[in-house]
Amino acid sequence: MITRDEAFELLKKYNKDSFHIQHALTVEAVMKWYANELGYADEAEYWGIVGLLHDIDFELYPAEHCLKAPELLREAGVSEDIIHAVCSHGYGITVDCGETIDVEPTREMEKVLFAADELTGLIWAAALMRPSKSTKDMELKSLKKKYKSKGFAAGCSREVIERGANQLGWDLNDLLEKTLHAMADCEDAINDAISA
Ligand SMILES: [Fe+2]
């Protein structure tokens, strides 16, 4: 299996934008948090690697997001189970080239990635509105309010987030609460990883 450091190098080969690197490190940390939370502690590194690599093709091939990824990952020797997980986070989404991603998330890890990915973007955007610029002092009710406000972080699809919660069989509130908790717990580690 690809190591965490190799995965990070691979990410940086195709992503130069610091916003994309930050997003990848955030999703890595959140995926590791969820692995521990959901009883997959022995797979936490693996869940994290999937999080790190999930948007590998987005910076260079946005119109072919999740379609170009298999080629980039296979070329680097990444295993098919990771490739499946990466592609499944676009399930049901029509990308700009006109194709709809048909790789369904089946494992719990894949469903968590699908549900949490888009939501981490919304939570970061909400954090940046706060005086602290942090998730650590964010209340669930303030997140819920931002979530319901259609004009807020309009690029973060509520439809995708809700579909993600459904695929997991979770209440939306449960997903919001857990993911906020994950980000608050991991915020220092994410910032350390960004400045490393
Ligand atoms: Fe993402």
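Reader: Where does tyrosine 40 sit?

Author: Tyrosine 40 is in the loop between helix 2 and helix 3. Helices here are DSSP runs of H or I with at least four residues, numbered from the N terminus. Before we go on, this is a predicted model, where local features need pLDDT of at least 70, side-chain atom pairs count only at pLDDT 80 or more, and totals for chains, interfaces and linings use all residues. Residues are numbered from 1 along each chain as its sequence is written, and side-chain values use heavy atoms, leaving out hydrogens and water.

Reader: Thanks! Is tyrosine 40 buried, partly exposed or exposed?

Author: Tyrosine 40 is partly exposed, with a relative accessible area of 24%. Buried means under 20% relative accessible area, exposed means over 50%, and partly exposed is in between, using a 1.4 Å probe and protein chains only.

Reader: And what does tyrosine 40 touch?

Author: Not counting residues up to four places away in sequence, tyrosine 40 touches Ala35, Trp47 and Glu108. A contact means heavy atoms within 4.5 Å.

Reader: How far is tyrosine 40 from valine 112?

Author: They are 12 Å apart in space, C-alpha to C-alpha, and 72 residues apart in sequence.

Reader: New topic, the metal! Which residues coordinate the iron ion?

Author: His23 (NE2), His54 (NE2), Asp55 (OD) and Asp117 (OD) coordinate the iron ion, at 2.1 to 2.2 Å. Donors are N, O and S atoms within 2.8 Å of the metal (3.2 Å for Na, K and Ca), and water is not among the atoms, so sites may look incomplete.

Reader: How are those donor residues of the iron ion spaced in sequence?

Author: The spacing is H-x30-H-D-x61-D. Aspartate 55 lies in the loop between helix 3 (44–53) and helix 4 (69–75), while aspartate 117 is in helix 6 (residues 108–128), so the pair ties together parts that are 62 residues apart in sequence. Aspartate 55 and aspartate 117 are buried.

Reader: What about the angles at the site of the iron ion?

Author: The angles among the 4 donor atoms run from 82 to 174°, and the site is irregular. For that label, four donors count as tetrahedral if all angles lie between 85 and 135 degrees; four count as square planar and six as octahedral if opposite donors are over 155 degrees apart and all others between 65 and 115; anything else is irregular.

Reader: How do helix 1 and helix 3 cross?

Author: Their axes come within 9 Å and cross at roughly 5°. Axes are lines fitted to C-alpha atoms, for helices over the stretch in contact, with angles from 0 to 180 degrees between N-to-C directions. That makes helix 1 roughly parallel to helix 3, a label for angles under 35 degrees. The contact is made by Arg4, Ala7, Phe8, Leu10 and Leu11 of helix 1 and Glu45, Ile49, Leu52 and Leu53 of helix 3.

Reader: Which residues have the most contacts inside the largest nonpolar core?

Author: Those are Tyr34, Leu53, Leu73 and Ile82, in a core of 60 residues. Helix 6 gives the largest share of this core, 11 residues. A nonpolar core is a set of buried Ala, Val, Leu, Ile, Met, Phe, Trp, Tyr and Cys residues joined through side-chain atoms within 4.5 Å.

Reader: What is leucine 73 in contact with?

Author: Leaving aside neighbours within four places in sequence, leucine 73 contacts Leu10, Leu53, Ile56, Val78, Ile83 and Val86.

Reader: And serine 88, is that buried or exposed?

Author: Serine 88 counts as buried, at 0% relative accessibility. Serine 88 is found in helix 5 and touches Val103, Glu104, Pro105, Glu110 and Phe114, not counting residues up to four places away in sequence.

Reader: Last one: what is the phi of cysteine 66?

Author: Cysteine 66 has a positive phi of about 75°, although it is not a glycine. Cysteine 66 is in the loop between helix 3 and helix 4 and counts as buried, at 4% relative accessibility.

Conventions
Helices (H or I, at least four residues) and strands (E, at least two) are DSSP runs, numbered from the N terminus. Angles under 35 degrees count as roughly parallel, over 145 as roughly antiparallel, 65 to 115 as roughly perpendicular and the rest as oblique.
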